[in-house]
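These are my notebook entries on a structure that was new to me. I record what I looked up, entry by entry.

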Amino acid sequence: MINDNHYIFDDLIDESSLLIEYFKRNGQYTIYLPGATIIQQDEVPGGLFFLINGLVEKSVINKDGKKKIFSLHAGKFLAGIISIDGAPSPVTYQCLTKASFYTVPLSTLERQEPRFLLELFRYCIYETGLLQNQLRLATVADSTLNISQIMNEFDMVSKKHHIDDRFVLTHQIIADMIGRTREQVSNLISKKYRLETRLKCREYKKL
Amino acid sequence: MTDSLRELPSCYFYENTSIEKYEDFIDKLVSVADIRFYSKGDHLYFDTVLSEGVFLVLKGTIEAYYIENEKKRTIAMMDKGSLMGLTSLISRTKHSSVCCRSDCTVAFISNSQISNWGTDMLIPMLHIQAEKMRLVSNQMVSLAVDSIKKRLVMFLHEAAMRDLCMNRTDLPVCIKFSKQEIADLINTSREYVTATLKELQKNCRLYVDGNNIVLYPCDIEAYLQRLLY
């Protein structure tokens, strides 16, 4: 089983130097500002977007016009692979902080060397595995554990990638990611803090 | 079938819905693959074992599941055109064990064969995997956005559409799923599935006898339409 992080996907491409090299050699370097949309839901993306640094959210707008965020991406990550066959993207990718990408048009894929395509295929499998993990967590795991996991992952990723302090992980974002309401998340977090404070008090009394 | 229903994303069956699009790829793959036959109940692989290749379902239905707290949880159904066991290509153990729900015919390709493939084979593989990624994504979206009742009706619709008689939605279809399996797939409790099926019986022609659910796809379609709009 793939046991890597589940909600904030970072540095997925680290293992494959071939992919990194390819994007650096053939990609067009672009910097996007916070709020910029890289790939729009229901539209065919123009290419593959290789994230170098910054924080990107993956979300869906449902029929009521409400946005649901499914995951956050930082570090080396490839957006647009879900539509590599030219199908419209089921999700929107939007920059939460300033982010830089190498972009490669999809039309150039068929001219690539098989060893690069095999690496791309391996990456696809890896990301599918992470998505399946996320789905499994959403369906079986305890929400409090999921919340702790997201908060820990976020702390770790923010430090590692020097994420702008102005970006705050809100209860609404956590709620979207684990398929709960904002109120449920707020309740669970306050319960968690109450419990932690009580435990700390108990330890202090012992001392 | 109405256009709006045709556009519904499938969520619960990992099926390569546009298998005709990949006819050339499947022909080439089958010509070099090892064709294997499995009986109902046989396992293709277990989640703890690293397999040596990839499986393509040619015939039959296959179920993916895992065991948690000594309980079996069904996570997906797969039928013809589905590729399985791909995690072996990245040297990882599987997410789930895979077992045949009916007699199945499967093509097996070893990892070393795949490593030697050219662009003509790798591009369709990438496209098929992208479809699978979209299915998992749709499942996530459905879980976050749709009500449990809607997910149940969508599941019944998807399962029924796979088993149509003479491609007609006005003829009854019998699908075989336990209430626990349905509950696992749509992420709810067995009790809720039982209660919702009873409620559905008031609105649609639907009969439940143990694991057999007999329903009229056209009725389910119409009900789903009402839920959607």
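**Entry 1. The interface**

I began with the area buried between chain B and chain A, which comes to about 3800 Å². Carbon and sulfur atoms give 69% of that area. I note at once that the model is predicted, and that every value in these entries is computed from it.

The size of an interface is often given as the accessible area lost when the parts come together. I then turned to the residues behind the area. Chain B brings 41 residues to the contact, and chain A brings 43 residues.

I next asked how many salt bridges the rule finds across the interface of chain B and chain A. The search returned one. The partners are Asp85(A) and Arg134(B), and their closest N and O atoms are 2.8 Å apart. I also looked up polar contacts between chain B and chain A, and the count is three residue pairs, with both residues at pLDDT 80 or more.

I then listed the elements on the side of chain B that touches chain A. Those giving two or more residues are β5 (62-68), α3 (111-115) and α4 (119-145) of chain B. Which of them gives the most? I found that α4(B) does, with 21 residues. By residue class, this side of chain B divides into 22 nonpolar, twelve polar and seven charged residues.

**Entry 2. Salt bridges over the whole structure**

I widened the search to all chains, and it finds 17 salt bridges. Asp85(A) lies in the loop between β7 (77-79) and β8 (92-95) of chain A, while Arg134(B) lies in helix α4 of chain B, so this pair joins two chains.

Read from the N terminus, they run β-α-β-β-β-β-β-β-β-β-α-α-α-α. The C-alpha atoms of chain A fill a box of roughly 70 × 40 × 35 Å along the principal axes.

I then traced a sheet in chain A. It is open, has five strands in the order β1-β6-β5-β8-β3, and its pairing is mixed. The edge strands, each pairing on one side only, are β1 (8-10) and β3 (37-39) of chain A. On average, neighbouring strands of this sheet are turned by 30 degrees against each other, direction ignored.

I looked at one pairing in detail. β1(A) runs parallel to strand β6 (residues 67-74) of chain A, and three bridges join them. Within this part of the sheet, Asp10(A) stands opposite Ala74(A) in β6(A).

Which helices did I find packed on this sheet? One is helix α4 (residues 171-178) of chain A, which touches β1 and β6 of chain A and makes about 95 degrees with the direction of β6(A). Another is α4(B), which touches β5 (55-61) and β6 of chain A, its direction making about 135 degrees with that of β6(A). I noted that α4(B) is also the element that gives the most to the side of chain B that touches chain A.

**Entry 3. A three-stranded sheet in chain B**

I turned to chain B and found an open sheet of three strands in the order β10-β12-β11, with antiparallel pairing. Its edge strands are β10 (173-176) and β11 (206-209) of chain B. Neighbouring strands here are turned by 20 degrees against each other on average, direction ignored.

β10(B) pairs with strand β12 (residues 212-215) of chain B over four bridges, in the antiparallel sense. I looked up the bridge partner of Cys174(B) in β12(B), and it is Val214(B). Helix α7 (residues 190-203) of chain B lies across β11 and β12 of chain B, running at about 145 degrees to β11(B).

**Entry 4. Arg101(B)**

Where is Arg101(B) found? I located it in the loop between β8 (97-100) and β9 (104-110) of chain B. Leaving out residues up to four places away in sequence, Arg101(B) touches several residues, including Lys40(B), Glu63(B), Met77(B) and Phe177(B).

I checked two polar approaches of its side chain. The side chain of Arg101(B) reaches the backbone oxygen of Lys176(B) at 2.7 Å. The side chain of Arg101(B) also makes a polar contact with the side chain of Glu181(B), at 3.2 Å. Finally, I compared Arg101(B) with Asp184(B): they are 83 residues apart in sequence, and their C-alpha atoms are 16 Å apart in space.

Notes:
Residues numbered from 1 in each chain as written. Chains lettered and ligands numbered in written order. Heavy atoms only, no water. Contact = heavy atoms within 4.5 Å. Buried area = accessible area lost by both parts, 1.4 Å probe. Salt bridge = Lys/Arg side-chain N within 4 Å of Asp/Glu carboxyl O. Polar contact = N/O pair within 3.5 Å; in protein donor to acceptor, adjacent residues only side chain to side chain. Nonpolar A, V, L, I, M, F, W, Y, C, P; charged D, E, K, R; others polar. Pairing = 2+ DSSP bridges. Axes fitted to C-alpha atoms, helices over the stretch in contact; angles between N-to-C directions.
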